[in-house]
Number of protein chains: 2
Amino acid sequence: LHVFKKMCINDTIDEELGRNMNTITSTQNAKVKQWLKYHNRKHRLQDDVFLIEGEHLVEEAYKANHLIELWISETCDATYQDIPTFVSPQHILDKLSMVQSSNTMIGLCKIPHFKVEAKNRIFLCDNIQDPGNLGTIIRSALAFNFDAIYCSKDTVDFTNEKVVRSTQGALFQIPIHVVDLKATITQLKQESIEIVALALTQNAVSHVSASSNMAFILGNEGQGISTEILELADHQLVIPISNIDSLNVAITAGIIAYNYQNKEHA
Amino acid sequence: LHVFKKMCINDTIDEELGRNMNTITSTQNAKVKQWLKYHNRKHRLQDDVFLIEGEHLVEEAYKANHLIELWISETCDATYQDIPTFVSPQHILDKLSMVQSSNTMIGLCKIPHFKVEAKNRIFLCDNIQDPGNLGTIIRSALAFNFDAIYCSKDTVDFTNEKVVRSTQGALFQIPIHVVDLKATITQLKQESIEIVALALTQNAVSHVSASSNMAFILGNEGQGISTEILELADHQLVIPISNIDSLNVAITAGIIAYNYQNKEHA
């Protein structure tokens, strides 16, 4: 955060509104170059920040105290108390944007590192590849009071723009940790948390009773859960279906989150 | 179908395998130009055909008797009995493809026009815009034995490549009709089908008992169900959630399809 504050010393400060505005008109500006770097995962992880687009996500980031800086187009009159804000012609926002459609508002955020406070309901993501799937899983998990999401290192980066958009801001409200999934499951088992693999095979059981501490493993879209992870599960659960091989993994997660929703702190 | 048969008169026919192969090496070939047209919805509707990519979808189309022609790369040795097949260098398939990743197999299919045989469980899509959402809704509907999906005219085209991919081939097994949604709902009500709007507002009821004939309305990702459609519903049902405004519409559909699954012909 300190770094960003320093970069804004030339800004005009509007004391009354707590506004801190700075007009940028050149695509050669150092700030443009800095933000463009964050289209790349390596730089996001290095600086522990990521970009978000659109009013709804900016609002969610601000409410969660994760918004560091804001970039708006000249046609946008948004102001966020104490957030350094850059104003530019739309074409500069279009350059900063990771999507086709024009956004008048782009935010720079801290990557959330929330502590896992409870372990009643957990999702474990084993190599989920589709950004929309991961984002939707995070959104459903929050909606049904899950406590945390652990992602394997080969799962799509949760600060990826498409993941973030699909979460609809849920990532600012639920702990998401990238972990060695095998070690994490071993640890969770020692804490007496029931590990349920959501299997693709119709050999698995079709019902597991709800208990107070459960973690559900979601597998890769094509291959399902990897063998070494599957072996660690206490149960293999399948949602019985007809006519087709499998459900979409985010749909499986949604049905499971609904059916095993966390009533502990609802 | 007749049109396509005629265009293949120069093919070499391998009687024994029922193969009908034709090598195409130029991107200027009329067939290349014809298939490229089908990236555009207007031409798909005009000729009542669409393109599919990858082995799994081609297999599903073939099994459902909807595969008209097949285009494969030189490295691919797939053959489908009685299906005229074009063989080309990979770069021509890449040109025909609507995705980034290389596919060695692209198929031309008839658009399915299945008759609605039963009306125990129906989804009504009111201006669904995201292709992944519509495709996933179709996939879940099939998995839980729904009988049909009716889409408003402003819903994303179900022969759109991203929709088709998300269905995982389900569109070859369940009737999907594009209709005037208001007129269709009025008709369904006359047939004593209970119309349930999946509302976003938490004012709606949180439970509706399952009955033998139900149709569920799914709304637009941003705006929800339009007022004039909402007014026609017998019930407004909401899935109770916490911490966030709404669930993703495909997740809502998945939970509803699971909870109200059709046991009539399961």
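Student: How much area do chain B and chain A bury between them in this predicted model?

Tutor: The size of an interface is often given as the accessible area lost when the parts come together. Here chain B and chain A bury about 2200 Å² between them, with 60% of it on carbon and sulfur atoms. Arg139(B), Asn243(B) and Ile244(B) supply 24% of the area that chain B buries against chain A, which is more than any other three residues.

Student: How many salt bridges and how many residue pairs in polar contact are counted between chain B and chain A?

Tutor: The count of salt bridges is zero, whereas 14 residue pairs are in polar contact, both residues being at pLDDT 80 or more. On the side of chain B that touches chain A, helix H6 (131-143) and helix H10 (249-259) of chain B are the elements that give two or more residues, and H10(B) has the largest share, six residues.

Student: Which residues of helix H2 of chain A are buried, and where do they fall around the axis of H2(A)?

Tutor: An α-helix has 3.6 residues a turn, so residues three or four places apart point the same way. In H2 (residues 30-37) of chain A, the buried residues are Lys31(A), Val32(A), Gln34(A) and Trp35(A). Seen down the axis of H2(A), these buried residues fall within an arc of 160 degrees, so they line one face of the helix. The N-terminal end of H2(A) is capped by Asn29(A), with a side-chain oxygen 2.6 Å from the backbone nitrogen of Lys31(A).

Student: Which residues touch the most other members of the largest nonpolar core?

Tutor: In soluble globular proteins, nonpolar side chains tend to be buried together. The largest nonpolar core has 116 residues, of which Phe123(A), Ile138(A), Ile52(B), Phe123(B) and Ile138(B) touch the most other members.

Notes
Residues are numbered from 1 along each chain as its sequence is written. Chains are lettered from A and ligands numbered from 1 in the order in which they are written. This is a predicted model: local features need pLDDT of at least 70, side-chain atom pairs count only at pLDDT 80 or more; totals for chains, interfaces and linings use all residues. Side-chain values use heavy atoms; hydrogens and water are left out. A nonpolar core is a set of buried Ala, Val, Leu, Ile, Met, Phe, Trp, Tyr and Cys residues joined through side-chain atoms within 4.5 Å. Buried means under 20% relative accessible area, exposed over 50%, partly exposed in between (1.4 Å probe, protein chains only). Helices (H or I, at least four residues) and strands (E, at least two) are DSSP runs, numbered from the N terminus. The arc is that of the directions from the helix axis to the C-beta atoms. A polar contact is a pair of N or O atoms within 3.5 Å; within protein, one must be able to donate a hydrogen and the other to accept it, and residues adjacent in sequence count only if both atoms are side-chain atoms. Buried area is the accessible area (1.4 Å probe) that two parts lose on being put together, summed over both. A salt bridge is a side-chain nitrogen of Lys or Arg within 4 Å of a carboxyl oxygen of Asp or Glu.
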